[in-house]
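The sequence and structure come first.

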Amino acid sequence: MWKREKHLEVTDNKIKNVTSKVLSNIWAKLEQVSFDFTFKNGKTERLRHEVYGKADGVAVLPYNPTTKNVVLSKQFRIPMYVAGVKNGFSIEVVGGSIDKNESPETSVIRETKEEIGYSISEIEKVSTVFLSPGLMREQVHLYVAKYTDEDKVESGGGLAEESEEITVLETSFDEALKMIENQEIIDARTIMLLYHLKVKGSI
Ligand SMILES: Nc1nc2c(ncn2[C@@H]2O[C@H](COP(=O)(O)OP(=O)(O)O[C@H]3O[C@H](CO)[C@@H](O)[C@H](O)[C@@H]3O)[C@@H](O)[C@H]2O)c(=O)[nH]1
Ligand SMILES: [Mg+2]
């Protein structure tokens, strides 16, 4: 199982007496964490902060170096809708929450088949990132993966039993980059992975 090396030495003397109270635990857990924080001037204060999260997540950008295409997905995102953005429809990389007892790699392969119908095997790790460090404890493992047309084995579209309705969107890499510039793509994971391919010159 993936584990980030913890840098406890940095915070050892600054943070003490960490306690947590669960405020809500329906889909994910919302905790109120209390802790003693010692400021640079030596003063210590008891602080409280809300932290939200479920499991960690994965996201993957499949790319085809021969056709210079990438495969994205389009789906309704209620948090975006509530924020008043783009009618709530978001163009994104494949991704989701890691199931219990699943490795990030197995999760990437499962989500790719469920959401866009591709069977991928050559996955390449890019990074593990926090998307909203002031709110979320979730860490998202980011990947890119080469695919060919032969890897399309199912229609995709997401799981009906999870009320998912996903449109598969195969598009040229250049077109995807333009969609970042014109704000059609505003999901951070998607922007990171498209720019990763560009910087590395992988496509
Ligand atoms: N987030 C969320 N999802 C819910 C809820 N109730 C049901 N779901 C359903 O659970 C499924 C989750 O699908 P995934 O593919 O696993 O996740 P995702 O929504 O694509 O991924 C996003 O949310 C994950 C947490 O749920 C994150 O781990 C991931 O990084 C990303 O932000 C979706 O069909 C979603 O509608 C809820 O209260 N909250
Ligand atoms: Mg998903």
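## Annotated residues and the ligand shell

Glu115 sits in helix 3. In this predicted model, Glu115 has a relative accessible area of 2%, so it counts as buried, being under the 20% limit. Leaving aside residues up to four places away in sequence, Glu115 touches Val94, Gly95, Gly156, Gly157, Gly158, Glu164, Ile166 and Val168. A polar atom of the Glu115 side chain lies 3.3 Å from the backbone nitrogen of Gly95.

Glu111 is also found in helix 3. Glu111 is buried, with 6% relative accessibility. Its contacts, again without residues up to four places away in sequence, are Val58, Val94, Gly95, Gly96, Ser97 and Ile116.

An unreviewed UniProt entry places the feature "binding site" at Glu111, Glu115 and Glu164. These positions spread over 54 residues of sequence, yet they cluster in space, with a largest C-alpha distance of 11.9 Å.

Ligand 1 is surrounded by 13 residues, and the closest are Arg77, Ser97, Glu138, Glu162 and Glu164. By class, the shell divides into two nonpolar, four polar and seven charged residues. Strand 7 (94–97) and helix 3 (104–116) each supply at least two shell residues; strand 7 gives the most, with three.

| Protein atom | Ligand 1 atom | Distance |
|---|---|---|
| Trp27, polar side-chain atom | nitrogen | 3.2 Å |
| Glu111, side-chain N or O atom | oxygen | 3.3 Å |
| Glu162, polar backbone atom | oxygen | 2.8 Å |

On its own, ligand 1 has 690 Å² of accessible area, of which the protein covers 66%.

Methods
Residues are numbered from 1 along each chain as its sequence is written. Chains are lettered from A and ligands numbered from 1 in the order in which they are written. This is a predicted model: local features need pLDDT of at least 70, side-chain atom pairs count only at pLDDT 80 or more; totals for chains, interfaces and linings use all residues. Side-chain values use heavy atoms; hydrogens and water are left out. A residue is near a molecule or strand if one of its heavy atoms lies within 4 Å of it. A polar contact is a pair of N or O atoms within 3.5 Å; within protein, one must be able to donate a hydrogen and the other to accept it, and residues adjacent in sequence count only if both atoms are side-chain atoms. Accessible areas come from the Shrake-Rupley method with a 1.4 Å probe; for residues, only the protein chains shown count as cover. Helices (H or I, at least four residues) and strands (E, at least two) are DSSP runs, numbered from the N terminus. Ala, Val, Leu, Ile, Met, Phe, Trp, Tyr, Cys and Pro count as nonpolar, Asp, Glu, Lys and Arg as charged, and the others, Gly among them, as polar. UniProt positions are given in the numbering used here, feature names are shortened, and annotations may be inferred rather than shown by experiment. Buried means under 20% relative accessible area, exposed over 50%, partly exposed in between (1.4 Å probe, protein chains only). Contact means heavy atoms within 4.5 Å.
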